[in-house]
2 protein chains.
Amino acid sequence: MTTYAESGVNIDAGNEAVHLMRAAIRRTYTAAVLSDTGSFGGLYSLKALAGMREPVLVASTDGVGTKTKVASRLNRWGTIGQDLVNHCTNDILVQGAQPLFFLDYVASSKLIPQQIAEIVGGMAAACEALGIALLGGETAEMPGVYLDGEVDVVGTIVGVVEREQIIDGRRVQMGDALVNLPSSGLHTNGYSLARRVLADLDWDAPRADLNGVSIGEALLAVHRPYLHEVQAIQSAGVEIRALAHITGGGIVENLPRVLPTGLSFDLLPNTWPVPPIFRLIQQQGQITDEEMMRVFNMGLGMIAVVPADQAERAVASVDGASVVGHIREGEHG
Amino acid sequence: MTTYAESGVNIDAGNEAVHLMRAAIRRTYTAAVLSDTGSFGGLYSLKALAGMREPVLVASTDGVGTKTKVASRLNRWGTIGQDLVNHCTNDILVQGAQPLFFLDYVASSKLIPQQIAEIVGGMAAACEALGIALLGGETAEMPGVYLDGEVDVVGTIVGVVEREQIIDGRRVQMGDALVNLPSSGLHTNGYSLARRVLADLDWDAPRADLNGVSIGEALLAVHRPYLHEVQAIQSAGVEIRALAHITGGGIVENLPRVLPTGLSFDLLPNTWPVPPIFRLIQQQGQITDEEMMRVFNMGLGMIAVVPADQAERAVASVDGASVVGHIREGEHG
C-alpha cells in the first residue's frame with residue numbers, strides 16, 4: 001500500500017498538479033479517517049457505527065472500462081475519476097449501503113503526473129461531494145503490459161448498511177411501480193460499440209442534434225451518482241423495495257437480477273428522457289431498438305421499485321424522475 | 001460490482017476450471033459473509049467485532065507489478081493471485097491489522113477463462129490459508145488498453161485492528177533489535193530489472209546455482225505472507241514496536257518510514273539468508289551491492305522491531321527468523 005504521499009506521482013514533488021491533488025484528497029477526510037497522507041495504509045475508525053444494531057459492510061471493486069479510451073482520444077482526464085467513484089457508489093447503493101471510503105488504482109505504460117493528478121483530482125471531487133473518504137491509492141507504471149498512452153483506473157468502495165435495512169428485492173410485489181432516476185448518457189457502459197460507430201465523425205464540434213455539445217463531451221458526460229436521490233426518496237417516506245443500477249446489459253439484464261422468482265416487468269414507452277447521444281449512436285450504427293436496450297442504459301440510470309401508491313411521492317422527490325413501468329407476474333428471460 | 005457468478009468468466013458455464021474456481025471462492029467464506037455468489041456486492045457483517053473497544057478498518061489496494069510479465073512468459077498463472085493476496089495482507093499487517101476480506105480485479109485485452117480461473121483460484125487458496133473472505137471481484141476485457149496476452153491484477157484488502165493496538169513505530173527505541181522474517185525471493189518488486197538482466201538466459205532448465213530450480217520457478221516464488229509469523233511472535237509475549245514490509249526501495253527505504261525522527265538503523269552483515277536468485281541477478285547485471293539493496297528485498301521479507309531483550313524469543317517463534325541489526329540514533333536518508 002502506498003498513500004499518495006508515497007506513490008510514484010509524488011517523486012516530482014514540485015509538480016503543482018500533484019500538490020493540488022493532495023489538497024483535494026485531504027478535503028475528503030471525514031472525522032473517521034485516522035491516517036494522514038504520508039503514513040502507511042488508510043485507517044478508518046468504526047467508532048461512529050457503535051449505535052448500529054448489526055452493521056454490515058458492502059464492498060465492490062470496478063473499473064470504468066474503455067471509457068478510458070475516450071478520455072485518451074480527447075486527452076481529458078478530469079472526469080474519469082468521477083465516473084469511477086459514482087459508479088462504485090451506485091453499485092453498493094442498490095443494497096442500501098451508505099459509502100464510507102474509497103481506494104483507487106491507476107496504471108499505465110508510463111505515468112504522467114499531470115494526468116494522474118487530473119484523474120485522482122476527479123476522484124477526490126466526487127468523493128467530497130458524496131462524503132466519501134479517499135482513503136488510499138496506488139499507481140503503477142507497467143511498460144509492456146499497457147499500450148502506450150492508455151490507462152486503466154480501478155476503484156474499490158466500502159460502505160455500510162444496517163442488516164435489517166439491506167435492500168434485496170424480496171418484498172417486491174406485482175403492481176409495484178418502476179421509478180427511473182435519469183442517466184446523463186452512457187455512464188460507463190457500451191463504449192466499445194459507441195466508439196466504433198462514431199469513430200469517423202468529428203468529436204470536437206458542437207452539434208445541434210446533441211443540444212449544442214460535441215460528441216466528445218457527450219461521451220464523457222459524468223456517470224451520475226444516485227446517493228442523494230435515493231436518500232431523498234427515503235426521506236419522503238417511500239419504501240424502496242428494490243434498486244437496480246443499469247449498467248452493461250441494460251435494464252433488460254440488470255432489473256431482473258433484483259426481482260423475486262415469478263415476477264417480471266413492463267416498461268411504458270416514452271416515459272423517460274433518452275439522452276440524444278443514444279439516437280446518434282443508433283442512427284450511425286443502424287442498430288435495432290432491442291440491441292440498444294441491451295447495450296446501453298438509454299436514459300435509465302437507476303430504477304427504484306416502490307409501492308404503486310407511493311410512486312408519485314418518489315417522483316416528486318427527484319428532479320427528472322418518472323414512472324417508467326411496473327412489476328407484473330411472469331418469468332423474465 | 002459483479003461477484004464471480006455474474007462476471008464474464010461465468011459466461012462459459014460449462015468450463016470446469018471456472019466451476020473449480022467458484023468452489024474455491026466459496027471455501028473462503030467465513031461466517032461473516034452474508035452474500036452468496038450470485039447476489040450483488042459482497043456483504044460482510046461486523047457483528048463479530050462487537051466486543052472491540054474501537055475497531056479501526058485498515059484498507060489497502062495494490063497490484064503485483066510486472067511480475068505478471070513473468071507469468072505471461074511462462075504461461076503459469078496459478079501463483080500471481082497468491083502473490084497479490086499475500087502482498088496486500090502484509091501491507092496492512094504492518095499496522096497490526098488482521099485481514100477480513102479481499103476483492104480483486106483482473107483485466108486483459110482478451111479474457112481467457114482458464115487463465116482467469118487459475119489467477120482467481122490462486123487468490124482463493126491464499127485467502128483460505130489466511131482466513132480471508134474473497135468477497136468479490138471484477139473482470140474486464142479491454143482491447144486497445146492492454147497489450148495482447150498481458151494481464152493486470154489488482155487487489156484490495158480490508159482488515160481490522162483495535163485502535164489501541166495499532167502498530168505505528170512510535171515506541172521504537174535506540175538499541176531495539178531488527179528481527180527478519182525471511183523472504184522467498186523477489187516477492188513483487190524488482191521485476192523490470194530482473195527480467196532485463198536475465199532475459200537471454202534459459203528460464204526453464206533447473207540450475208545448480210538456484211538449488212536445482214529454474215529461473216522461471218525462482219522468479220515466480222510466491223510472495224510470503226507473514227500473518228501467522230507475526231501472530232506467533234505476539235503469542236510469545238514479544239512487544240512488536242514496528243513492522244516494515246520490505247517492498248520496492250528495499251529495507252533502505254521501507255524501514256525508515258516506520259521509525260521515529262532521530263532514529264536510524266544498522267544492519268549486521270551476513271545475518272540472514274539471501275535467496276540465490278539475487279546472486280544470479282547481481283552477477284548477470286553487474287549490479288552494485290548498494291543498488292541491489294535499493295531495488296530488491298535481498299531476503300529481508302518483513303522486519304519486526306522488538307526490544308533487544310525479547311529478540312531471542314521472537315527469533316525462536318519463527319522458522320528462519322534472525323536478528324539482522326539494531327536501532328541507533330541518527331537521521332536516515
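Q: Which helices are included in what covers the buried residues of α5(B)?
A: In this predicted model, helix α5 of chain B spans residues 191-198, and Tyr191(B), Ala194(B) and Leu198(B) are buried there. The cover over these buried residues of α5(B) includes three elements of chain B, namely α2 (67-74), α6 (215-220) and α9 (276-285).

Q: Why do the buried residues of α5(B) line one face of the helix?
A: The buried residues in question are Tyr191(B), Ala194(B) and Leu198(B). They line one face of α5(B) because, seen down the helix axis, they fall within an arc of 65°.

Q: How are α5(B) and α9(B) oriented to each other?
A: Two packed helices are described by the angle between their axes and the distance between the axes. Here the axes of α5(B) and α9(B) come within 9 Å and cross at roughly 60°. Angles of 65 to 115 degrees would count as roughly perpendicular and those under 35 as roughly parallel. The two helices α5(B) and α9(B) are therefore oblique.

Q: Which are the edge strands of the open sheet in chain A?
A: This open sheet has 5 strands in the order β7-β9-β6-β10-β8, with antiparallel pairing. An edge strand here pairs on one side only, and this holds for β7 (242-245) and β8 (263-267) of chain A.

Notes
Residues numbered from 1 in each chain as written. Chains lettered and ligands numbered in written order. Predicted model: local features only at pLDDT ≥ 70, side-chain atom pairs only at ≥ 80, totals over all residues. Pairing = 2+ DSSP bridges. Helix = DSSP H or I, 4+ residues; strand = E, 2+ residues; numbered from the N terminus. Buried ≥ 20, exposed ≤ 12 C-beta atoms within 10 Å, placed from the backbone. Arc of directions from axis to C-beta. Contact = placed C-beta atoms within 7 Å. Axes fitted to C-alpha atoms, helices over the stretch in contact; angles between N-to-C directions. Parallel < 35°, antiparallel > 145°, perpendicular 65-115°, else oblique.
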